Amino acid sequence: MTLTVETAIKWLHFVNEEIQANKEYLTDLDQAIGDGDHGLNMARGFQEVSLKLNTANYNDLASLFKDVGMTLLSKVGGASGPLYGTAFMRLSMALKDKSKATQSEFSEGLQAALNGLKMRGKAQLGDKTMIDVWEPVVEFLKNHEQVTGKQLADLAKEKMEATKDIEAKKGRAAYLGKRSIGHLDPGAVSSYLLFSSLSRTFSE
Ligand code: ADP
Ligand code: MG
Ligand code: MG
């Protein structure tokens, strides 16, 4: 998968579509183990991202992802806004001046984004957060050549589903302790939507 400005824009529009379609679902998930605003937060943020991408022109991936990061930082509240915002800012910095990225360059960029997420939220793998989806996806992209969209979506889905069986150690859900077991992590689900949309981008 080679990422161009055009495919990146397509990806983010798909993310917006998926987030809008799953807004209530994300809200319900966050209602169970958080404060019930994840659907609203994400829907507001990606709606703005979509609008921004429709009105601006980009010659390179860095300026595009910078706008995405800034928009998410300013429009999405809660924990997830600064986290997703930081991720896209880091992705932007990693792809400085590039008008396209090979899978290897893109996965290095996603690694930088993941490092930003971990620095910002201090969560580790297994804490029942979005990291539980991001980290295995980034590892897979880095360690396999010519990854297909389907492989990516399947992996992200499996890791998202695995957050159901574990106890939250970070974020609001951590206040529930063992009572968080049996519920999917909302941020892991929105991150799954992010990566399944990437898969869609390369299959449609
Ligand atoms: P808030 O919890 O502030 O209401 P959201 O509901 O929008 O924010 O986002 C909740 C999601 O953010 C969680 O499901 C989890 O995936 C993610 N999250 C929360 N805290 C952290 C953290 N410290 N590190 C990584 N992800 C986190
Ligand atoms: Mg919330
Ligand atoms: Mg909140």
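**Exercise 1. Helix lengths**

What span should the 15 residues of helix 4 have at 1.5 Å a residue, and how far apart are its end C-alpha atoms?

*Solution.* The model is predicted.
- Step 1. The expected span is 1.5 Å times one less than the number of residues. For the 15 residues of helix 4 this gives 21 Å.
- Step 2. The end C-alpha atoms of helix 4 are 21 Å apart, which agrees.
- Step 3. Repeat for helix 9. This helix has 18 residues.

**Exercise 2. Packing of helix 3 on helix 4**

Describe how helix 3 and helix 4 pack, then list and classify the residues of the contact.

*Solution.* 
- Step 1. Two numbers describe a pair of packed helices: the angle between the axes and the distance between them.
- Step 2. For helix 3 and helix 4 (residues 61–75), the angle is about 145° and the axes lie 9 Å apart.
- Step 3. The crossing of these two helices is right-handed.
- Step 4. Helix 3 contributes Arg44, Gly45, Glu48, Val49 and Lys52 to the contact. Helix 4 contributes Asp67, Val68, Thr71, Leu72 and Lys75.
- Step 5. Sort the contact residues by class: five are charged, three nonpolar and two polar.

**Exercise 3. The shell around ligand 1**

Which residues come nearest to ligand 1, and which helix gives the most to its shell?

*Solution.* 
- Step 1. There are 23 residues around ligand 1. Gly78, Gly121, Ala123, Gly171 and Gly187 come nearest.
- Step 2. Two or more residues come from each of helix 3 (38–55), helix 5 (80–94) and helix 9 (186–203).
- Step 3. Helix 9 gives the most, with three residues.
- Step 4. The shell has nine polar, seven charged and seven nonpolar residues.

**Exercise 4. Positive phi**

Locate aspartate 97 and lysine 122 and give the phi of each.

*Solution.* 
- Step 1. Most residues other than glycine have a negative phi.
- Step 2. Aspartate 97 has a positive phi of about 65° and is not a glycine. It lies in the loop between helix 5 and strand 2.
- Step 3. Aspartate 97 has 9 other C-beta atoms within 10 Å, so it is exposed.
- Step 4. Lysine 122 also has a positive phi, near 60°. Its loop runs between helix 6 (103–121) and helix 7 (131–143).
- Step 5. Lysine 122 has 9 C-beta neighbours inside 10 Å and therefore counts as exposed.

**Exercise 5. Two residues and their contacts**

How many other C-beta atoms lie within 10 Å of glycine 81, and how many for histidine 13?

*Solution.* 
- Step 1. Glycine 81, in helix 5, has 19 and is therefore partly exposed.
- Step 2. Beyond four places in sequence, glycine 81 is in contact with Asn41, Gly45, Leu72, Leu73 and Val76.
- Step 3. Histidine 13, in helix 1, has 17 and is partly exposed.
- Step 4. Not counting residues up to four places away, histidine 13 touches Ser50 and Leu53. Valine 49 is 36 residues from histidine 13 in sequence, yet 8.2 Å away, C-alpha to C-alpha.

Notes
Residues are numbered from 1 along each chain as its sequence is written. Chains are lettered from A and ligands numbered from 1 in the order in which they are written. This is a predicted model: local features need pLDDT of at least 70, side-chain atom pairs count only at pLDDT 80 or more; totals for chains, interfaces and linings use all residues. A residue is near a molecule or strand if its C-beta atom, placed from the backbone, lies within 6 Å of it. Helices (H or I, at least four residues) and strands (E, at least two) are DSSP runs, numbered from the N terminus. Ala, Val, Leu, Ile, Met, Phe, Trp, Tyr, Cys and Pro count as nonpolar, Asp, Glu, Lys and Arg as charged, and the others, Gly among them, as polar. Axes are lines fitted to C-alpha atoms, for helices over the stretch in contact, and angles run from 0 to 180 degrees between N-to-C directions. A crossing is left-handed if the near helix is turned anticlockwise from the far one by less than a right angle, and right-handed if clockwise. Two residues are in contact if their C-beta atoms, placed from the backbone, lie within 7 Å. A residue is buried if 20 or more other C-beta atoms lie within 10 Å of its own, exposed if 12 or fewer, and partly exposed in between; C-beta atoms are placed from the backbone.
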